[in-house]
Amino acid sequence: MGGDNAPSEIIRGAVLAANESKTIRIILVGKKDIVEDELRSLSFPEGSIEIKDAPDVIETAEAPVLAIRKKKESSMVVALNMVKHGEADAFVSAGSSGAILVGGQVIIGKARGVKRAPLAPLIPTAKGACLLIDCGANVDARAEHLAQFARMGSIYMENAVGVRNPKVAIVNIGAEKEKGNALVKEAYPLLETLAGINFIGNIEARDIPSGLADVVVCEAFVGNVILKLYEGVGATLLGELKNAFMSGARSKLGAMMAKPALKDTLKKFDASSYGGAPLLGLKSLVVKAHGSSTAKEIKNSILQCETFARQDINSKILEAFSEEDMVSMDKVSSDNVLSENEG
């Protein structure tokens, strides 16, 4: 029931996913009469979609913690509890980001060894896509959190996206190792010595679209700014291109000739084709889709969950986050703080 285009586009996206995947089973959680009415005009394989009634809705403007506590019969809380109790394997919503973050961590809970759960969307680049981690969940992250983000991001890119030995970089204001704020300077040596990742150093924001790195690590404030600027610039450029092509007879003729090649190029930068942003590091999968998601993005978010489950990403994250790794990471972080204080 959440999102700018709910419930119509959410339900249509679920139907698209059910028609594309013959093994997936989708549970639409929301106001039963509204959902049933939407489904009447749509066709899908028998038994692939069912409805779970939830009479309440958490609105975007509501305080997330209070909403999760008070609205026990909301579509979001009901759905998250279904995942918690094993009635579903994954949760997808285009609703309130704050409520999803709170609900995911309070109801589902973090996996053993995970200190913070980051939001990690795939964003388009010239080489395919990269994972931006974190883009909105932890604005006060510490260096050891960024190191965990790097490990989780590497596991996700390798197993869910199929990128072998993904290149990991940390967002900075320059390529030089000594640059950056206190957080980046403390995180850099952690990433440099962290086993299980292919760390390539700093990355400047201008190099992200070229695909220099497969996993781009940052705290949530920086990540959210990057994501929103990315989306804004992309939409503006597309609008300006359209205006230019429609400005006269000659440009319209040129647009017709360039359309096939332009369409293929722009398809690479269509963010909706990558699905939503998983909240990595929880006991089960929670995916936040854009509030403005269309049916296409919802479909891809659902299919993304199927890949996540099939590749057993959660087990791989748990395996990587052994107690020995965490002790080692904490020790390196403490040593860095001590050496800075001594200096």
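This is a predicted model: local features need pLDDT of at least 70, side-chain atom pairs count only at pLDDT 80 or more; totals for chains, interfaces and linings use all residues.
Let's start with the whole chain. The secondary structure comes to twelve helices and ten strands. Along the principal axes, the C-alpha atoms fill a box of roughly 70 × 60 × 35 Å. As for burial, 47% of the 343 residues count as buried.

Now to strand E6, residues 167-171. Is E6 largely enclosed or open? Four of its five residues are buried, so E6 is largely enclosed by the rest of the structure.

Which strands pair with E6? One is E7, residues 198-203. The pairing is parallel and runs over five bridges. Within E7, Asn198 stands opposite Lys167. Another partner is E8, residues 215-217. That pairing is parallel too, over three bridges. Here Ala169 has Val216 of E8 as its bridge partner.

E6, helix H7 and E7 make a β-α-β unit, and the unit is right-handed. H7 covers residues 182-193.

Last stop, the surface. Which residues make the nonpolar patch? They are Val139, Phe221, Val222 and Val225, and the patch is about 370 Å². Take Val225. It is found in helix H8, residues 220-245. Its relative accessibility is 46%, so Val225 counts as partly exposed; the cut-off for exposed is over 50%.

Definitions and conventions
Residues are numbered from 1 along each chain as its sequence is written. Side-chain values use heavy atoms; hydrogens and water are left out. Patches are made of residues with over 30% relative accessible area and no salt bridge: like charges are joined within 9 Å, nonpolar side chains (Val, Leu, Ile, Met, Phe, Trp, Tyr) within 5 Å. Accessible areas come from the Shrake-Rupley method with a 1.4 Å probe; for residues, only the protein chains shown count as cover. A salt bridge is a side-chain nitrogen of Lys or Arg within 4 Å of a carboxyl oxygen of Asp or Glu. Helices (H or I, at least four residues) and strands (E, at least two) are DSSP runs, numbered from the N terminus. Buried means under 20% relative accessible area, exposed over 50%, partly exposed in between (1.4 Å probe, protein chains only). Two strands pair if DSSP finds at least two bridges between them. A crossover is right-handed if, with the strands pointing away from the viewer, the path from the first strand over the helix to the second runs clockwise.
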